[in-house]
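Dear colleague,

Please find below the structure that I am handing over to you. My notes on it follow directly after.

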Amino acid sequence: MDLMRTIKFLNLWMAAAVAALALLLVPAARAAGPVETSVFAVQGVDVDVTDTDAAAAKNKALIAAQMKAFVQLAQRLGNPELVDAVSQFEEAKVLPYLKSLSIEQESISPGRYQGKLTVRFLPAKIKSLYESHGVKVVSEQGPALLVLPIWKTEGGQVLWEDNPWRKAWIDLHAEQALVPVIVPLGDFDDSEQISTTDVINNDPTKLEAMRGRYDVKGVVVAYAETAEGGGVHATMMGDSPLGKLTFDKVYTADSGVLADSLALAVTRFHAVMEDKYKANKAKVAAAKAASESNRRQGIS
């Protein structure tokens, strides 16, 4: 009888140990709340490096992530000439521009390191570097928006379930854009906070709760459904901190592949958001200049 108890205890202990090890290997989920939106940060930098051991692989991966992010930042903020120039930089020349980095996800195995990192660069140094190549960085961002993507299917409308429209917004990686766009995690708390029906009914209390949870300036709802030829019919209507947003158009990628059409739609949507923000800033600047001119004329 004692032997049976001992065997049972060992089996339970082994099961618990395996479960604990599995938890250690699972990447930590991003907590809800304020999302980093600095234009000088690059999120989701993927690295996969092998070396003699895990420690050496990780050290090499951290350098690789910085180099990769350095080019990605130039691609987002600069022009082809700038991208070509920074692509020629050696590691020692890139490091002085680095502010910090953090690990979003990682997987470590013998001689191999796989991870996803956020890399941040020093604003003043980056601005100076880019200006030397004729690129002026606009670092003052517009209001951060939370987008709730509703995918329409024959079986109904979905928000948190299998949703290719939501994936397209996630893949936009616009958290650090001129107009930051945040996509909810879709975790248990999100699904408890708001349902597809709540979004469709434009429930003000539920939408405000999501706005507060992610600490953004506004929440917008985007709808999409399949269209002929691999296209997508996408709509977004309503007020936002940028003003009234009205989209209603069919987007079809040249490839005729639905995923590409979805990516095209979110890119176009976001481009219009940024154009609206730039127009608003230009209008405010013009009004300020006119007011200053009138003030000076009054004095004279």
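Strands S4 and S6 pair in the parallel sense over two bridges; strands, like helices, are DSSP runs numbered from the N terminus (E, at least two residues, for strands; H or I, at least four, for helices), and two strands pair if DSSP finds at least two bridges between them. Within this pairing, Leu-145 stands opposite Val-181 in S6.

As to provenance, this is a predicted model, in which local features need pLDDT of at least 70 and side-chain atom pairs count only at pLDDT 80 or more, while totals for chains, interfaces and linings use all residues. Residues are numbered from 1 along each chain as its sequence is written, and side-chain values use heavy atoms, with hydrogens and water left out.

With strand S5 (residues 156-158), S4 pairs in the antiparallel sense over three bridges, Trp-151 standing opposite Val-158. S4 and S5 form a hairpin, with two residues between them. Strand S4 (residues 145-153) is largely enclosed by the rest of the structure, because seven of its nine residues are buried; buried means under 20% relative accessible area, exposed over 50%, and partly exposed in between (1.4 Å probe, protein chains only).

Strand S3 (residues 112-121) is mostly covered, with seven of its 10 residues buried. Strand S1 (residues 41-50) runs antiparallel to S3 and is joined to it by eight bridges; here Asp-46 stands opposite Lys-116. Strand S2 (residues 98-109) pairs with S3, also antiparallel, over 10 bridges, and Ile-108 stands opposite Tyr-113. S2 and S3 form a hairpin with two residues between them, and Gly-111 in the turn has a positive phi of about 75°.

Positive phi values also occur in residues other than glycine. For His-173, phi is near 50°; this residue is found in the loop between helix H6 (164-172) and strand S6 (181-182), and is partly exposed at 47% relative accessible area. For Asp-215, phi is near 55°; the residue lies in the loop between H9 and strand S7 (218-227), and its relative accessibility of 52% means that Asp-215 counts as exposed.

Finally, Ala-209 belongs to helix H9 (residues 204-214) and is partly exposed, with a relative accessible area of 25%. Its C-alpha atom is separated by 7.4 Å from that of Gln-193, 16 residues apart along the chain.

Yours sincerely
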